[in-house]
Amino acid sequence: MNQAPEEVVELLPEPLVQRPGPEASLLIRQASLLDPAAGVDGEFDILVTGGEISEIAESGSLEAGEGVEVVEAAGLHVFPAFFDPHVHLRTPGQEHKEDIETGTRSAAAGGYAGLLLMANTTPPVSSPADVSALRHQAETEASVPIGFMATVTRDMAGTELTDMAELREAGAVGFTDDGLPITNPGIMRRALQYQRMCGGRIALHEEDPDLSAGGVMHEGDVSMSLGLRGVPSISESVMITRDAAIAGYECGQIQVQHLSAVESIEAIRQAKADGVDITCEVTPHHLCLTDEIVRSLDPNRHKMNPPLRTEKDRLALIDALIDGTIDCIATDHAPHAKHEKEVPYEAAMMGVTGLETAFSSIYTRLVKPGTITLELLIEKLGSGGIPFDIKPFTLTAGSTANLCLIDLEAEWVVGEDGYESRSHNSWCEDETLSGRVLMTLANGQVAYRLRSFSMGVA
Amino acid sequence: MKHLLSIDDLDREQVETLLARADSFAEVTRRDIKKVPALRGQTVVTLFYESSTRTSSSFELAAKRLSADVVSVKASGSAVDKGESLKDTVETIYAYDPAAIVIRHPYAGAAKMLTRWVDASVVNAGDGMHQHPSQALLDVFTLQNRMGSLEGKKIWIVGDVLHSRVARSNIAAFQLMGASVSVCGPPTLIPRGIESTGCDEAFAGRSREQADVVYLLRMQNERMGENFVPSIREYARLFQVNERRLGPRQLVMHPGPVNRGVEIGSDVIDSDRSLISEQVASGLAVRMAILYDLLNSGDDAAEQPADGPVPIGEPA
């Protein structure tokens, strides 16, 4: 009911852009395929020809043609590649943290074949020229397809709307002032009114800055004990309640980013029950960690916004993921340089990286112990594009090859061999994780293969 | 014990050992020659990123009384003013091979970070609103000297608990020594989650009459812009401890600096129920004991005489 008028959508450019490259031709033999949406679950041979999945057949039945690489994948898993609707690749302006080249490499290493980039760069992505320039840059640097979000308000100042329709024509997939909330409800309302014409879901960093008041971690027993200023859970939930009401009133489409608190989940549930077009994300770190870990006062791994909350919140997030209240998992991949994190907790930048470890961390901490199923993990890592009208990748003959090959048995230590990302602020650095991405095909190209993983050529 | 970062890292026995040592150093400070050679040839650096009178001077003097070489670095007037990072400053100082670094910093966890960067003993002389363990130890020492054991005693901590590292350290230290602690202040200045420490919480001072000790916190004027209390005048009317509010057998303490006429009446400061000057005096002996303990732990401890330091000029 809330879709943009078709004549507008038709004019829009392709949402995702990638560096052109050779189309993959390979035969993955005897792999365990799992694509819950397509109902694929079992051991098959999967043949990729010219970047397209040309055939999926009984295990051991396919032969490689000339020039087709063969991957012996007995005991390995193939999943549809993942899609992350929330990453910060820092271009332009903060390339010392990350850029499109390193960021997309990092994504490919995590099994991703599509990303949406946040707009809080330096300067922010606020004009059609910014979007065009970035898309142009992606054509030479992006090893996986990426789309760009534009800001809702000019330079994220929160006072004037950007040229939303022109931004959409230039290729903006959606809008967000992520990093900052839209504090003025009048601006929020105008943006949602205007969205009815130009489309583009508005992704919201929900936080009331007056309630957060300089907080650096969750407000509770741990913040009390550490003497750190706290961010109360209601700082997030009151804004979700407000924006859900405005979106409902204006028939707008909103995506709530990085959900962290049980109160927020309740607000989303209520809004969904009321018929508001509201979607939401959760990060791997909010699913896996609580504020207890902040006692170690390590900002490199454990300082981010929204903050890690309590066990009660974490369990509620898992429940909401299972019951479908939460639409997708997004990493909020937020790289920061060493010197920005090697400072006391309160002084450190907020944010952690997550692309390379999203699958493995959740697989290790939630799937292996039986808290959630592998099917659910694959579905929620793959569904990040849906709120932005980007279809999830699928393992079906005739579709473009967007898949990842993963060894669920492999154990690896995060950061031991460095990172593909330029930054090292992984929230699970030094942890031993199960499940390693061996290879990723993105839009028909081999975007990543683990260095130690060799393949044979027929 | 290699570092002193938080009261939470100590057990009761460690505190008792340390304060017994402080007792013997208190005796040293009453001699004509107030110096012992315990740390001769060792270097102690004090690194202060916040203003301080009591803590910085007493750590400095404590190190000197132990015959250490002391370098005092203050953030203002040093390379910190020029934007040098904490890590770079610490690495620069570490080039002098100090045995101990005493640090005060406006951010929680700063002292702990140092332990990852250097091999020296690190003493937390205050990190943000988190901990100020040497203050808590000297407060326990002061109280024990006046009233004996803290076991079963009732201690009230009154004022701006929210922003107070002294409160956080002292709650833990007083409880460790067997006292029961209550916090009292306007609800805006009592942190959420305080009950997780096992403290009682009170907004009105009525039952303060039951307290054996009233520990006052400084009302920080710089907080006034943030609407924590409507006015200093009203705060003083509701929470100030003065002669009218202090029972005849109640003791009063304050970590300093005091705001006379705000959290505490001048009449009380100068009464015999005030331990404020004794706190300062205790600070020296306790900090000597802290430095001595940290720098003589591990293998080196075996080489030290078991019965404590030997004064200069006396046979070892």
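**Reading helices, core and interface**

Student: Let's start with B:Ile157. Which residues does B:Ile157 touch, leaving aside those up to four places away in sequence?

Tutor: In this predicted model, B:Ile157 touches B:Ala167, B:Asn170, B:Ile171, B:Val181, B:Val183, B:Tyr215 and B:Leu217, with residues up to four places away in sequence not counted. To be in contact, two residues need C-beta atoms within 7 Å.

Student: What makes B:Ile157 stand out in the largest nonpolar core?

Tutor: That core has 234 residues, and B:Ile157 is one of those that touch the most other members, along with A:Met149, A:Leu405 and B:Leu291. Helix H9 of chain B, residues 276-295, gives the most to this core, with 10 residues. As a general point, nonpolar side chains tend to be buried together in soluble globular proteins.

Student: Why are H8(A) and H9(A) called roughly parallel?

Tutor: Take the angle. Helix H8 (residues 234-250) and helix H9 (residues 262-273) of chain A cross at roughly 10 degrees, and their axes come within 8 Å. Angles under 35 degrees count as roughly parallel, so H8(A) is roughly parallel to H9(A). The crossing is right-handed.

Student: Which residues make that contact?

Tutor: From H8(A) come A:Ile234, A:Glu236, A:Ser237, A:Ile240, A:Thr241, A:Ala244 and A:Gly248, and from H9(A) come A:Glu263, A:Ser264, A:Ala267, A:Ile268 and A:Ala271. By class, this contact has 6 nonpolar, 4 polar and 2 charged residues.

Student: How many residues are in contact between the chains?

Tutor: On chain B there are 20, in contact with 17 residues of chain A. Helices H3 (86-94), H4 (110-117) and H6 (165-176) of chain B each supply at least two residues of the B side. The largest share, 3 residues, comes from H4(B). That side divides into 8 nonpolar, 7 polar and 5 charged residues.

Terms used: Residues are numbered from 1 along each chain as its sequence is written. Chains are lettered from A and ligands numbered from 1 in the order in which they are written. This is a predicted model: local features need pLDDT of at least 70, side-chain atom pairs count only at pLDDT 80 or more; totals for chains, interfaces and linings use all residues. Helices (H or I, at least four residues) and strands (E, at least two) are DSSP runs, numbered from the N terminus. Ala, Val, Leu, Ile, Met, Phe, Trp, Tyr, Cys and Pro count as nonpolar, Asp, Glu, Lys and Arg as charged, and the others, Gly among them, as polar. Axes are lines fitted to C-alpha atoms, for helices over the stretch in contact, and angles run from 0 to 180 degrees between N-to-C directions. Angles under 35 degrees count as roughly parallel, over 145 as roughly antiparallel, 65 to 115 as roughly perpendicular and the rest as oblique. A crossing is left-handed if the near helix is turned anticlockwise from the far one by less than a right angle, and right-handed if clockwise. A nonpolar core is a set of buried Ala, Val, Leu, Ile, Met, Phe, Trp, Tyr and Cys residues joined through C-beta atoms within 7 Å. A residue is buried if 20 or more other C-beta atoms lie within 10 Å of its own, exposed if 12 or fewer, and partly exposed in between; C-beta atoms are placed from the backbone.
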